[in-house]
Amino acid sequence: MAGDALTVEAVEVAFGPVMVLKGVSLEVAPGEFVALLGSSGCGKTTLLRAISGFVEVRAGRILVAARDITRMPPERRGMAMVFQSYALWPHMSTAQNIGYGLRLRGVGRAERARRVAEVLALLGLAGLGERPVTQLSGGQRQRVALGRALAINPGILLLDEPLSNLDARIRQSVRHEIKALQEQLGITAIHVTHDREEAMVLADRIAIMEAGRIVQLGPPEAVYNRPASPFVATFMGADNVIALQVRRAAGAIQVAAGAHNEAAALPLGGGAGEDGVHAEDLAEGSAAAHFRSEAARLLTGDERPEGSLILRGRISQASYPGGFYRYAVEVGAQRFMVDDPRRIASGTAVGIGLPAAALHLYAEGTGADGGAP
């Protein structure tokens, strides 16, 4: 099995007067795994359904291996989809469900049985072919749905949040199985999810969608370490925000002292954004600093880590989830969560230390596309 290249060119989709996809373009290489990531209503499922042929495209083109399939029916596109609900036939056995697509295509009984046995072995379901799908676990049903899609040897595999019905422990296991299987088969995969960790684990590249557009596309490390906008930063977990006054100096961002922060000189990050602050296109003025809670360090006494932004606040609440203490620190009208191994009393004045590499700075008013809204 080998994957096909996919090209989406300026695709628009509208439901009545509402524009859902606004000129989306995407190139997917053969054998690549791309995740469409975004919140509900951003257009990611609509894009997947437009690619599969279940939603009509108003403008633009969709090509598979350089062949225009924009107006083709779903069954002629060389694709297979795994749905969120699995869509298995409850009155059929495991083997019958996996072979269903082959039967619709007129594949002979002997060849169908051979292919089904091959897929059962591939998915670790050997010996369960005759079992009704209603007697399978959630993880096994997910594999049956995946097996039905793989049985027809599709050039492109479309995955519409297929893990959302599984509990957290099984979901983590199955996502690694899907990635290993996709790499083994070399199949091209497009995966829709709202789960950031799932996209990071599975995808070669992540397309972040907002309001019918792709607002950032890149490898997981790049999207995580260098979010292109406040929206992407927030969606990728950097959802703590503090307002600052800044100016760019030689190789650094100078932060002015404020009501709740000390003055700081933050080294600028390099290409990966891992060795300094991420402050692309930021010159001087008001800025919003985004950071992840896990990057924050609780400071007591006179600790002042070099190259860090230090916020000043007071512990308002403490809890012990196991192995460490979790503190709510009030910084002005805001509250940030910080973990620390030490036991510190509520009401204690503390600092929050934020290394430059943990900060993503954006000019005030920056929109989703990196410019003014």
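Lysine 179, at 12% relative accessibility, counts as buried. The two residues sit 4 residues apart in helix 6 (residues 168-185), so about one helical turn separates glutamate 183 from lysine 179.

The model is a predicted one, in which local features need pLDDT of at least 70 and side-chain atom pairs count only at pLDDT 80 or more, while totals for chains, interfaces and linings use all residues. Residues are numbered from 1 along each chain as its sequence is written, and side-chain values use heavy atoms, with hydrogens and water left out.

For the overall picture, the protein contains 9 helices and 20 strands, taken as DSSP runs (helices H or I, at least four residues; strands E, at least two) and numbered from the N terminus. Along the principal axes, its C-alpha atoms fill a box of roughly 75 × 45 × 35 Å. Of its 373 residues, 47% count as buried. The accessible surface comes to about 16800 Å², and carbon and sulfur atoms hold 50% of that surface; the areas were computed by the Shrake-Rupley method with a 1.4 Å probe, and for residues only the protein chains shown count as cover. Among contacts with a separation of 6 or more, 67% join residues 24 or more positions apart, a contact being heavy atoms within 4.5 Å.

Salt bridges number 19 in total. One of them pairs arginine 342 with glutamate 303 at 4.0 Å, N to O. Arginine 342 belongs to the loop between strand 18 (334-340) and strand 19 (349-355), and glutamate 303 to the loop between strand 15 (297-299) and strand 16 (308-319), so this pair ties together parts 39 residues apart in sequence. Both ends are partly exposed, arginine 342 with a relative accessible area of 33% and glutamate 303 at 24%. Another salt bridge brings aspartate 339 and arginine 326 to 2.8 Å, N to O. Here aspartate 339 comes from strand 18 and arginine 326 from strand 17 (residues 325-331), so parts 13 residues apart in sequence are tied together. Aspartate 339 is partly exposed at 34%, and arginine 326 is partly exposed at 31%. Elsewhere, shared partners link Glu111, Arg114, Arg115 and Glu118 into one salt-bridge network.

Turning to open space, the largest pocket holds about 500 Å³. On a 1 Å grid over the protein atoms alone, a pocket is an open set of points with protein on both sides within 12 Å along at least five of seven lines, a cavity is a set where a 1.4 Å probe fits but cannot get out, and lining residues have an atom within 4 Å of a point. Grid points are joined across faces, edges and corners, and volume is the space filled by probe spheres set on the points. The lining of the largest pocket has 18 residues, with Phe54, Ala80, Met81, Phe83 and Arg105 nearest the centre. Strand 6 (79-82), helix 3 (100-104) and helix 5 (138-151) are the elements that contribute two or more residues to this lining. By class, 13 of the lining residues are nonpolar, 2 polar and 3 charged; Ala, Val, Leu, Ile, Met, Phe, Trp, Tyr, Cys and Pro count as nonpolar, Asp, Glu, Lys and Arg as charged, and the others, Gly among them, as polar.

The second largest pocket holds about 290 Å³. Its lining comprises 13 residues, and Ser93, Ala95, Gln96, Arg112 and Val116 are the closest to its centre. Helix 2 (94-98), helix 3 and helix 4 (109-122) each supply at least two lining residues, with helix 4 giving the most, 5 residues. The lining divides into 6 nonpolar, 3 polar and 4 charged residues.

Helix 6 provides the largest share, 4 residues, and the lining has 7 nonpolar residues, 1 polar and no charged.

Key: A salt bridge is a side-chain nitrogen of Lys or Arg within 4 Å of a carboxyl oxygen of Asp or Glu. Buried means under 20% relative accessible area, exposed over 50%, partly exposed in between (1.4 Å probe, protein chains only).
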